[in-house]
Amino acid sequence: MKFLICALLVAASYVAAASAEAEVKVEEGVLVATVDNFKQLIADNEFVLVEFYAPWCGHCKALAPEYAKAAQQLAEKESPIKLAKVDATVEGELAEQYAVRGYPTLKFFRSGAPVEYSGGRQAADIIAWVNKKTGPPAKELTSVADAEQFLKDNEIAIIGFFKDTESEEAKTFTKAANALDSFVFGVSSNAEVIAKYEASDNGVILFKPFDDKKSVFDGELTEESLKKFAQVQSLPLIVDFNHESASKIFGGSIKSHLLFFVSKEAGHIEKYVDPLREIAKEYRNDILFVTISADEEDHTRIFEFFGMNKEEVPTIRLIKLEEDMAKYKPESNDLSAETIEAFLKKFLDGKLKQHLLSQDLPEDWDKNPVKVLVSSNFESVALDKSKSVLVEFYAPWCGHCKQLAPIYDQLAEKYKDNEDIVIAKMDSTANELESIKISSFPTIKYFRKDDNKVIDYNLDRTLEDFIKFLDSNGEADSDPVEETEEEEAPKKDEL
C-alpha cells in the first residue's frame with residue numbers, strides 16, 4: 001500500500017510539473033512561447049501567429065507595441081486567433097526547428113501547420129492579414145448596419161458593390177481580395193447598402209480616414225487593376241516616411257518615388273509640399289510623393305544614402321526602385337510646382353540621366369600601396385587592360401571592412417612593386433558606378449588584365465587566400481573554406 005501511495009504521489013508530481021511546464025504567460029496580450037509550452041500552445045489554438053525575436057533587435061522593438069496592440073484588439077473581439085512570441089536568443093531549439101535566420105521572423109500556424117507571414121508591421125495590417133488567412137477573402141455585408149460596423153472596425157477598407165455576387169466582376173473582385181492579404185475587403189449585394197454609399201453597378205470603393213475619405217474605382221475591373229487601385233489609393237496623396245509607412249511605400253506597386261526632404265519645424269510642408277497636391281494627384285499612378293523629415297535623427301542614414309547633408313533641405317530627389325536603385329537629382333533647387341512638374345515629365349519621358357554619387361579625387365590617391373578609387377578614376381584604373389586590379393568596395397561603417405583593412409594593407413604591400421597587379425579600394429557609400437551595383441560590404445572584385453573579365457572574390461579573407469587567388473590570376477578554387485560574412489547595404493525599407 002505504501003508503495004502504491006508513493007507511486008501515486010510521484011505520478012501526481014509529474015502531472016503538476018507537466019502542467020507547470022505547459023503554462024503560458026501573457027505579456028500585453030501576447031502569449032509567451034517557450035520550448036516547454038510551444039507544442040501544447042499550438043495544439044490548443046487553431047490559429048497562432050508567432051513572432052521569433054531578439055531583445056536587442058531594433059526592428060523587433062519597433063514591432064512590439066503594434067504586435068501587442070493587434071493581440072489586444074483581437075482579444076477584445078473574442079477572435080480565436082492568438083498572437084505569441086518566442087525569444088529566439090533563449091529558445092534556440094525552436095529557432096532552429098523553424099529555420100529562423102533573421103529578426104523578427106513571423107510564422108502563422110493554422111491547425112499546427114506553419115506558413116510565412118507576409119503582411120505589414122502595423123496593428124491594422126497584422127489583424128487584416130490573420131483575418132484574411134482564417135476567413136473568406138471578402139466579408140459579406142447584408143445590411144447597412146453590417147457595412148457601418150465593418151467601416152468602423154477598419155480604418156482602410158475596400159467594398160465591392162455587386163447586384164449579382166455570381167457575376168464575373170464579383171468573382172474578379174474576390175480573386176483580388178484573396179491575393180491582397182494586407183487589405184480588408186467587404187462585399188454587398190444589398191440594395192440599401194448600395195444606395196447608402198451611392199455605389200454604381202459593379203462598383204468598388206476604398207474607404208480611408210485621410211484625403212477625400214474615399215476613392216472610387218474607375219476603369220476596367222481586372223485583378224491587376226484592383227490590386228494597383230488598392231495599393232495606390234490606400235496611401236495618402238503625399239506620404240510621410242516613417243516606421244509605420246515604410247513597408248507600404250517600398251512594397252507598393254509604384255516603384256518611382258519623388259522624395260521631398262524637408263524640415264517640418266521650419267514650415268517646409270506648408271510652403272513647398274502642400275502646393276504640390278494637384279500635381280501629386282495627376283501623377284499618383286506613376287510616381288509616389290514622399291516627404292522625409294530632416295528633423296528626425298533616424299533619417300540620417302537616408303541622407304547618407306543620397307550623399308546629402310541636412311543643411312541642404314528643402315530639396316528633392318527621385319528614385320526608381322528597381323535592381324539598381326537609380327537616383328535622379330534636379331539641375332536646380334527651384335522647388336516651384338512648375339519646375340518640379342517639368343522634372344517629372346523629363347523622368348517619365350526617359351530624358352533624365354542618373355545621378356551617381358562621387359567624391360573628389362584625392363591628390364594622393366596612388367601614394368599608398370592600396371590605391372584609392374572614386375567614380376571619376378574607376379574606369380581608368382580598374383579597367384586598364386594592362387593590369388589586373390583587385391578592388392574592395394567598402395563602407396566606412398562596416399565592421400567586416402574594418403577587420404579586413406590590416407590584411408588588405410599587407411596584401412597591397414606585398415604586390416606594390418608588381419607591375420601587373422594593383423590593389424585598390426572604393427568607398428561605395430560615396431561613389432556609385434552605373435555598370436556595377438554593390439549590395440553588401442565588403443564586396444571584392446578582380447578585374448583581370450587583357451580581357452577585363454570581372455571575377456568575384458569568394459575565398460576566405462586571409463592573406464594566404466588572397467595571395468593564392470592573385471597568383472592564380474583569379475582561377476583559384478572559388479568555393480570558400482568557411483562562409484565569409486558581409487554587411488548588407490541599406491534595404492529599401494531601411495533607408
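**Close-up views of a predicted model**

**View 1. Pro104 lies in the loop that runs from helix 4 (92-97) to strand 5 (105-110).** The model is predicted: local features need pLDDT of at least 70 and side-chain atom pairs pLDDT 80 or more, whereas totals for chains, interfaces and linings use all residues. Residues are numbered from 1 along each chain as its sequence is written, and side-chain values use heavy atoms, without hydrogens and water. Helices (H or I, at least four residues) and strands (E, at least two) are DSSP runs, numbered from the N terminus. The peptide bond between Tyr103 and Pro104 is cis, with omega about -10°.

**View 2. A cis peptide bond also links Phe441 to Pro442.** Its omega is about -10°. Pro442 is placed in the loop between strand 20 (440-441) and strand 21 (443-447).

**View 3. Glu28 and Ser111 are shown as residues with positive phi.** Glu28 is not a glycine, yet its phi is near 55°. This residue belongs to the loop between strand 1 (25-27) and strand 2 (30-32), and Glu28 is exposed at 60% relative accessibility (buried means under 20% relative accessible area, exposed over 50%, partly exposed in between; 1.4 Å probe, protein chains only). Ser111, likewise not a glycine, has a phi of about 55°. The loop between strand 5 and strand 6 holds Ser111, which is exposed with a relative accessible area of 58%.

**View 4. Tyr117 is a buried residue of a loop.** The relative accessible area of Tyr117 is 11%. Leaving aside residues up to four places away in sequence, Tyr117 touches Leu49, Leu106, Lys107, Asp125, Ile126 and Trp129 (contact means heavy atoms within 4.5 Å). Between Tyr117 and Leu321 there are 204 residues in sequence and 23 Å in space, C-alpha to C-alpha.

**View 5. His299 is buried in the loop between strand 14 (287-293) and helix 13 (300-305).** Its relative accessible area is 7%. Residues up to four places away in sequence not being counted, His299 touches Phe241, Ile292 and Ser293.

**View 6. Helix 6 (residues 144-153) has Val144, Ala147 and Phe150 buried.** Seen down the axis of helix 6, the buried residues fall within an arc of 125° and therefore line one face of the helix; the arc is that of the directions from the helix axis to the C-beta atoms. Among the elements that cover these buried residues are strand 7 (139-140), strand 8 (157-161), strand 9 (184-188) and helix 8 (191-196).

**View 7. Helix 16 meets helix 17.** From helix 16, the residues in contact are Leu404, Ile407, Gln410, Leu411, Lys414 and Tyr415. Helix 17 contributes Leu463, Phe466, Ile467, Leu470 and Asp471.
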